[in-house]
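User: I would like to go through a protein model with you, one topic at a time. Could you begin once it is on screen?

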Amino acid sequence: MIVRSLTFEDRAGSFRVVIGDRALKHMLHLCAADPERETGGILIGFYSNDFTTAHVVEATSPPRDSKSGPDWFHRGTEGLEAMLRKRWDGEPRTHYIGEWHFHTANIPWPSAQDLKQMRAVAQDAKYNCTEPILVIVCPVGENQWVFRSYVFHSGDLTEELHLVDYSELERADSRGQNSAEPTGRKERPRC
Ligand SMILES: [Zn+2]
């Protein structure tokens, strides 16, 4: 499988999310390992100097105290603090930038529970991330997957990002259509 990177962009063309190959591969590996059960974890990465691009370097496995079923997932917290401290002290320095979920059915948008979780993250000072990203992976066929990316702005506005570059992606189907509401986002992300 060749999976190098995926780039998503907001409607205004002012903010991008680039998911790197290691993160993509790990998400697909976990989804394929048990296609009948939701899973997920956190996204770790960094922002460009001008804060217009979020680079997702790592998508973690679910912490051990996570709980899940065929259509639900509660991400635990065990070990995350230590992991994030290590990443912060690492070279290059990386940090928490959001969450990722595997949805077992072809439902590539956030559930009510997901929206609640993202709102809680945005408001929790521990995460220091007021505009977290959510990446959702779901199956669209045999060995084919779709990735969607959302950013949660302050004030409860959820924006779906368009897929703008997947030229290097093979055997991992991704589509960029969306029905996101328009947004007047002007602020830089503050994660
Ligand atoms: Zn979810």
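**Strands, helices and core**

Analyst: Strand β1 (residues 5-9) and strand β2 (residues 16-20) pair in the antiparallel sense over 5 bridges. Two strands count as paired if DSSP finds at least two bridges between them. This is a predicted model: local features need pLDDT of at least 70, side-chain atom pairs count only at pLDDT 80 or more, and totals for chains, interfaces and linings use all residues. Residues are numbered from 1 along each chain as its sequence is written.

User: Which residue is the bridge partner of Phe8 in β2?

Analyst: The partner of Phe8 is Val17. The hairpin of β1 and β2 has 6 residues between the strands, and Gly13 takes a positive phi near 70 degrees there.

User: How many bridges join β1 to β10?

Analyst: There are 3 bridges between β1 and β10, which run antiparallel. Within this pairing, Thr7 has Asp165 of β10 as its bridge partner.

User: How many helices and strands are there in the protein?

Analyst: The protein has 3 helices and 10 strands. Helices (H or I, at least four residues) and strands (E, at least two) are DSSP runs, numbered from the N terminus. Along the sequence, the pattern is β-β-α-β-β-β-β-α-β-α-β-β-β.

User: Let us turn to β7. How many of its residues are buried?

Analyst: In β7, 7 of the 8 residues are buried, so the strand is largely enclosed by the rest of the structure. A residue is buried if 20 or more other C-beta atoms lie within 10 Å of its own, exposed if 12 or fewer, and partly exposed in between, with C-beta atoms placed from the backbone.

User: And which way do β3 and β7 run, parallel or antiparallel?

Analyst: Strands β3 and β7 run antiparallel and are joined by 7 bridges; Ile44 has Tyr96 of β7 as its bridge partner. By contrast, β7 and β8 run parallel, with 5 bridges. Phe102 has Val137 of β8 as its partner.

User: Which residues of the largest nonpolar core touch the most other members?

Analyst: That core has 40 residues, of which Leu43, Val56, Ile133, Val135 and Val137 touch the most other members. A nonpolar core is a set of buried Ala, Val, Leu, Ile, Met, Phe, Trp, Tyr and Cys residues joined through C-beta atoms within 7 Å.

User: What is Val56 in contact with?

Analyst: Leaving aside neighbours within four places in sequence, Val56 contacts Val17, Val18, Ile19, Gly20, Ala23, Leu43, Gly45 and Ile97. Two residues are in contact if their C-beta atoms, placed from the backbone, lie within 7 Å.

User: Now α1. Which of its residues are buried?

Analyst: The buried residues of α1 are Ala23, Leu24, Met27, Leu28 and Cys31. Seen down the axis, they fall within an arc of 125 degrees, so they line one face of the helix. The arc is that of the directions from the helix axis to the C-beta atoms. The face turned away carries the exposed residues His29 and Ala33.

User: Why would residues three or four places apart point the same way?

Analyst: An α-helix has 3.6 residues a turn, so residues at that spacing point the same way.

User: What about α3, which of its residues are buried?

Analyst: In α3, Asp114, Gln117, Met118, Val121 and Ala122 are buried. They cover an arc of only 135 degrees around the axis, which puts them on the same side of α3. The opposite face carries the exposed residues Ala112, Lys116, Ala120 and Gln123. What covers the buried residues of α3 includes β7 (95-102), β8 (133-141) and β9 (144-153).

User: Where is Ser154 found?

Analyst: Ser154 is in the loop between β9 and β10 (157-165). Ser154 counts as partly exposed because it has 13 C-beta neighbours inside 10 Å. Not counting residues up to four places away in sequence, Ser154 touches Ala122, Thr130 and Glu131. Ser154 and Thr130 are 24 residues apart in sequence, yet 6.5 Å apart in space, C-alpha to C-alpha.

User: Finally, what is the mean pLDDT of the protein?

Analyst: The mean is 85, and 84% of the residues reach 70 or more; pLDDT is the predictor's confidence in each residue, from 0 to 100. Among the elements, β10 has the lowest mean pLDDT (87) and β3 (residues 39-47) the highest (98). Over residues 168-190, pLDDT stays under 50.
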